[in-house]
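Okay, everyone, thanks for coming. Let me put the model up, and then I'll walk you through a few parts of it.

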Amino acid sequence: MPGLINKESRGALPLSVCDITSCVRGYTLAMTASMTYENIEDHAIEGIFLYPLEENSIVVGFETMICSQVITLQVKDKTKIDDCYLDGCTTNGGLQSGSGQVLVDEDLERTVLLVHLGLIPPLETVHVLVSTSSELCTLPCGGIRVRSPPACTPRVQRSINEEQGLSPNFCRTRERSSCASSPPDQSGPPPLCLASLLEEEAINSMDYQFNFQLEIRAPYLLAGVESPSHAIRADADPQARSATSVMITLADKYTYDCPVEILIYPSEPHVPHVLIESGDITPDEYDEFLHGRSDFIKAVKKDGSDLRKVEMMNRRLHKDLLHNPVVMLNFCPDLRGGHQDLRGGQDPRGGHQDLRGGQDPRGGQGEYIFLLDRSGSMSGANISRVKVLLYHLLCITCDNTHLKHL
């Protein structure tokens, strides 16, 4: 149940307006979602905002406004927030407290933006702005899929009173579960659990104003754009000389039944594409900027060698990323045809191949390099799965007698 939640009643506050503005550049997506919620209660409530993130997505900006109070989050370098990660639930199943945290649930392999908004006055409107950056998933055919987040496109489920034209009922009709049950004599509701909340579908009990806009700025020619979920409208710049840029909007009124899904097809999906983004200042301006930084001055004061300067530039890379040009290479090879089965069997081109010592010169013998991520997020169950995977790959590609030497 992503979105804005009443901590006491476990109910989702109704979403009244949602605007999604996004831009695809190459194989990356920049998305900003503006959401407006209504506290229809006649008393103040404690609000919690839950925003699940897709794989390979990060939060680059957050802001919410309640009355005249503005709440923002500061994006920090990962090395500075490793100690700030929280488990999804406490020992008794309840959510941790805090002004704003990015939670990592290793068991469920999900990342969630959790923000405690504090007290929301009665009959008050809450505006939430979330900006994310994502690496897009590539389809086997080389296409790209873009989907709207569940928190931004909840399904509408109307109550019986609404169907009869009576006063709206914004409460969820089905019973919610919690991680930990409270004893019968314990006062107050049981503590919230992040896992149980995320398992519930995002549902809104009234229609909401929805606007969707996707700008595609591709380093390649577009073969087509389609949506399996909704009717869309594609508008290109009339002055454009090639089909590389297009603006996507909904052609009909949003139906509140499923997220918006857009499929983008490059004309040459299996050809490497290069995207270059210039820095916000020139190289000479950056050189002047760098020599004025206190950490750079202190570092090269004792050792002014070129090697030391390059080392300092690398250390400042995450800080000065926007000042420098960036090159991104995208390559989606076609692995569906003309390749051998790694487990051995019939070669599609004829003959037989066996990676465990086959004699066919066209077989799969060769040198294999495995690149493994050993960062903090790979600890626990994740690294154990990698070990199992490598063992099975080695059993396939190597003689079993060699495994005892590993």
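Before I start on strands, a quick word on what I'm calling a pair: two strands pair if DSSP finds at least two bridges between them. And keep in mind that this is a predicted model.

So, the sheet. It's an open one, with 4 strands in the order β10-β11-β18-β15, and the pairing is antiparallel. β10 (137–138) and β15 (222–226) sit at the edges with a single partner strand each, so one side of each has no neighbour in the sheet. Zoom in on β10: its link to β11 (residues 144–147) is made by 2 bridges, and the two strands run antiparallel. If you want a specific bridge to look at, C137 has R145 in β11 as its partner.

Now the inside. The largest nonpolar core has 49 residues, and the ones touching the most other members are M35, Y37, F49, Y51 and F210. Which strand gives the most to this core? That's β3 (residues 28–38), with 5 residues. As for F210, leaving out anything up to four places away in sequence, F210 touches C18, I20, C152, T153, L250, Y254 and V260. There's also another core lying apart from that one, with 7 residues, including L50, V112, L114 and L198.

Last stop, the surface. V274, I276, V327 and L329 make a nonpolar patch of about 410 Å². The elements giving two or more residues to the patch are β19 (273–277) and β20 (326–330).

How values were computed: Residues are numbered from 1 along each chain as its sequence is written. This is a predicted model: local features need pLDDT of at least 70, side-chain atom pairs count only at pLDDT 80 or more; totals for chains, interfaces and linings use all residues. Side-chain values use heavy atoms; hydrogens and water are left out. Patches are made of residues with over 30% relative accessible area and no salt bridge: like charges are joined within 9 Å, nonpolar side chains (Val, Leu, Ile, Met, Phe, Trp, Tyr) within 5 Å. Accessible areas come from the Shrake-Rupley method with a 1.4 Å probe; for residues, only the protein chains shown count as cover. A salt bridge is a side-chain nitrogen of Lys or Arg within 4 Å of a carboxyl oxygen of Asp or Glu. A nonpolar core is a set of buried Ala, Val, Leu, Ile, Met, Phe, Trp, Tyr and Cys residues joined through side-chain atoms within 4.5 Å. Buried means under 20% relative accessible area, exposed over 50%, partly exposed in between (1.4 Å probe, protein chains only). Contact means heavy atoms within 4.5 Å.
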